[in-house]
Amino acid sequence: MINLKNKKMSLYFKKIKVFAVFVALTISFQSCDSFLDIVPDNVATIDNAFTLRNEAEKYLFTCYSYIPKNGDINYNIGMLSGDEVWKNNVALPNMPSTQIAIGSQAVGTVFQNAWDGNRDGAGPSNNYDIYDGIRHCNIFIEAVSNTDNVRDLDASERQRWIAEAQFLKAYYHYYLLRMYGPIPIIDKNIPIEASTEEINVFREPFDDCVTYISNLLDTSAEKLPESIQDVTNELGRITRPIALGIKAKLLTMAASPLFNGNPDYAGFTDSKGRQLISTTSDSEKWNKAADAALAAIQSAEAIGSSLYYFPQNQFNLSDTTLTKMSIRQAVTERWNQEVIWSNPNSRTGALQYYCMVPLSSEYTHTLAQKILSPPLKIAKMYYTKNGVPMNEDRTLNFGNDTDLRIGDADHRYNILEGYRTARIHFDREPRFYANLGFDGSTFYKDDSPSRSDEDTWVIRSKFNDYSGSNAGVLYNVTGYYIKKLIDRRMTNSTQNPYRTYAWPELRLADLYLLYAEALNEASGPTPEVLRYIDLVRARAGLKGVATSWSTYSVNPSKYTTKEGMREIIHHERLIEMSFEGQRFWDLRRWKKAAEELNKPIQGWNFTGIEEAEYYQIQTLELQRFVAPRDYLWPISENTLLQNPNLEQNPGW
C-alpha cells in the first residue's frame, strides 16, 4: 500500500490531521524505572507540532512509539511463531503467530504483517504499519533540520533529536528487511503531486538496503550520546552503543547463509532485471560484521556495560542459586549493566502472568497462568553439567527420555530431594535450571518460605497437583515452564504481583556471541573467538569451550575447526538467548529453520495424574515449514495489486 500511503503522508504538509489523533509519548519516572507511555494528544497539524520544543518532542516520541513491543507475546514474532514456546490454545486462541508456527501463512491473509500493519503487525496498535513509523521519522528529520522551526530548541539538542529519528528510521527499515528481505527504501516522503511512476516504488536489492541502513546507523551514532545522563526522564532513549549494536546485528544477518550467496534466490529478480538477493557468497561480509560487533562491544563497555552477576543477599544463597539468579536477572533486573537497550514502551506484566506457575495450593491461578510451554526438544537443547550437548557427553548416560530418578543431596538446590522426576532433569547446566521449571524443580524467589534456598518453592505439576493443569483453561501443555522471564520479586499478592521491567531489546551477551560467530566465520576458531564465548559460559557457571570439549565430549577436537566451532557457537547462542525471541530469527539466517521447524512439538502428558501416566511423551503438533518459501514473509495480495512494481517473495 505504499503508493496510497505516500500520498496520505504528503497531506500532512498540507495541515491535514495526523490519524484520528496525534500519538504522543510522555516520559515518567516510576519506582526507579522509566517508561515511554503512549497517550493521546490534541495537536492537529504539522505546523503546530514544530513550533515549540515541547510539541516537537512529542512528535519525536511518536516516532519512538512504532518500536515493536517485544515484551508482548502478541507482537514479539519470535516467541510463538517458531518452536521455542508452545501455547494453550484455549486460553490464547486465534493468535496470528501460532498460525505461522503451524505453517498457515498465506498471501491472502498475512499474519504478523508489519508491512501493512495488521494481524499483530507492529506499531502502537494492530492497525499501524512500520512504514508509517518511517514516514513520521522523515517528517521529523526534515522539520527539525530546518532551524526556522522549533526556535526554542538549542543546537546540541536539535542534533541529538535528529540522530534519534535517524536511528529509528534505520531500525524500522532493518526490522522489515529481516522479515521480508529486499524492501523499498523510504528515504524521503513522496509529495502529493508525485506521478504514479514515482509513487509505485520498487524493492531495492538486499545488499543496497543493508548499505543504506548501515550508513544511516553510522550517521546517527556520530551524534547520539554515549549514555543517558538524565535517568529520571530519559531512560529508554537511544544511545550510541544501541545504534552500533543494531548495526552489528544487521551486518551479521547480511553475512549469514540466508542472504549471503543463497542459491535458492537465483531467480529472484524484479521487472528491471535486478537480482534482489545475491547468489554469490562474499566472505568479506563476515569481516565487516566482526568489526561492527567489536565496535559495539567496545562502545558499550566504555560506559560500564558488563555481564550481569547477581550479588549475594542477606540470605546467604548457595553458589548454585547465585548462578541461576545471575542468569535470570540478566533479563529481568531493571536497567542492569548488561542490558544495552531496554524498550520502556513494552512492559512485561502480562508476559510474566502467562509464564508463572503456581507454587503452592494458595496460589491464585489467574495470577500464575502457566500457559506458555517450552517443548521437550527445548529442554533437551541445554547442555549437561559438563558444558557439552547431551548427545556428546561421554561421561553421562541419560538413557531413555522417560527414565526416572530420585532427587539427591547433590541436586537439592535444583530438584527436591527425595522427589522422583525425569532422568533428563539431572546433571544439566545452570541455565537449564535457571530458565526452566518442571515437575520436582525448585523455584527460588525473594519470598521463598525460609527466605533461603535450603527450603524454597517446589513445582509439583502432575494433573491434580497445585502446579498442574487441572485449573480450567489455564493449563500448561508440555510440563515445562519459563522461569527466565519472571522477576525474582514476584509474589502471590492480588495487587501488583509482578515487578515489570522494560523489555531488553539488546544485551551484551548477545553482542559477545555475535562477535564470536562473525570472527569465527572470518578467521576460524582463534583465541579471541574462544574468549568471548567463554565470557558468556563463565557467567552461566560453565568451563570454557576448550576445556569442556577436550575433557567431556565424544568429539574432543570439535572446537579446533571453523565448522565445529560454528556448530558450538550456534548451540551456545540458542541456549543463552532462549525465550527472548532470538531463536526464530537465528534459525532463519543460518538456514536451519527447515530442519528444526519440521520436527514434532512434544511434551509430557500434562493430563497424567500418576507418575506412570505423566511421564509419557505426547506429540502436540507436527509443524510445517516449506523451504525456501517460509524463510521470508509474503507481501499481501492487496499491496501487490496496488503497486505492480513490487515483486512477491519466492514461493508465495
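A pocket, in this tour, is an open set of grid points with protein on both sides within 12 Å along at least five of seven lines. Keep that in mind as you open the model, which is a predicted one.

**Stop 1: the largest pocket**

Start by selecting Lys377, Met381, His571, Glu596 and Lys599. Of the 25 residues that line the largest pocket, these are the closest to its centre. The space you are looking into has a volume of about 760 Å³.

Now colour the elements around it. Helix 15 (376–381), helix 20 (562–576), helix 21 (583–589), helix 22 (593–596) and strand 13 (600–604) each supply at least two residues of this lining.

**Stop 2**

Next, select Ile228, Leu235, Ile303, Val339 and Ile340. They lie nearest the centre of the second largest pocket, which is lined by 20 residues. This pocket holds about 410 Å³ of space.

Which elements give two or more residues to this lining? Highlight helix 11 (240–255) and strand 4 (339–343) to see them. Strand 4 provides the largest share, four residues. By class, the lining of the second largest pocket has ten nonpolar, eight polar and two charged residues.

**Stop 3: the largest cavity**

Rolling a probe the size of a water molecule over the atoms shows where empty space is left. In this structure there are seven cavities of 30 Å³ or more, and the largest cavity has a volume of about 210 Å³.

To find it, select Asn70, Tyr171, Arg178, Glu505 and Gln582, the closest to the cavity's centre among the 22 residues that line it. Then show helix 4 (77–80), helix 7 (155–180), helix 11 and strand 12 (503–507), which are the elements giving two or more residues to the lining. Strand 12 contributes the largest share, with five residues. The lining of the largest cavity includes eleven nonpolar, five polar and six charged residues.

**Stop 4: helix 17 beside helix 18**

Select residues 508–523 for helix 17 and residues 527–539 for helix 18. How do these two helices pack? Their angle is about 150 degrees, and their axes are 8 Å apart. Angles over 145 degrees count as roughly antiparallel, so helix 17 and helix 18 are roughly antiparallel to each other. Their crossing is left-handed.

Show side chains to see the contact. On helix 17, look for residues including Tyr512, Leu513 and Leu519; on helix 18, those in contact include Val529, Tyr532 and Ile533. The residues of this contact divide into eleven nonpolar, one polar and two charged.

**Stop 5: helix 3 beside helix 7**

For the last stop, select helix 3 (residues 53–64) and return to helix 7. These two pack at an angle of about 20 degrees, with axes 10 Å apart. Angles under 35 degrees count as roughly parallel, so helix 3 and helix 7 are roughly parallel to each other. The crossing of helix 3 and helix 7 is left-handed.

Where do they meet? Arg53, Ala56, Glu57, Leu60, Cys63 and Tyr64 in helix 3 come up against Glu157, Trp161, Glu164, Ala165, Leu168 and Tyr172 in helix 7. Colour this contact by class and you will find eight nonpolar residues, no polar ones and four charged ones.

Methods: Residues numbered from 1 in each chain as written. Predicted model: local features only at pLDDT ≥ 70, side-chain atom pairs only at ≥ 80, totals over all residues. Heavy atoms only, no water. 1 Å grid on protein atoms, 1.4 Å probe; cavity = no way out; pocket = protein on both sides within 12 Å on 5 of 7 lines; lining within 4 Å. Points joined across faces, edges and corners; volume = space filled by probe spheres on them. Nonpolar A, V, L, I, M, F, W, Y, C, P; charged D, E, K, R; others polar. Axes fitted to C-alpha atoms, helices over the stretch in contact; angles between N-to-C directions. Parallel < 35°, antiparallel > 145°, perpendicular 65-115°, else oblique. Left-handed = near helix turned anticlockwise from the far one by under 90°. Contact = heavy atoms within 4.5 Å.
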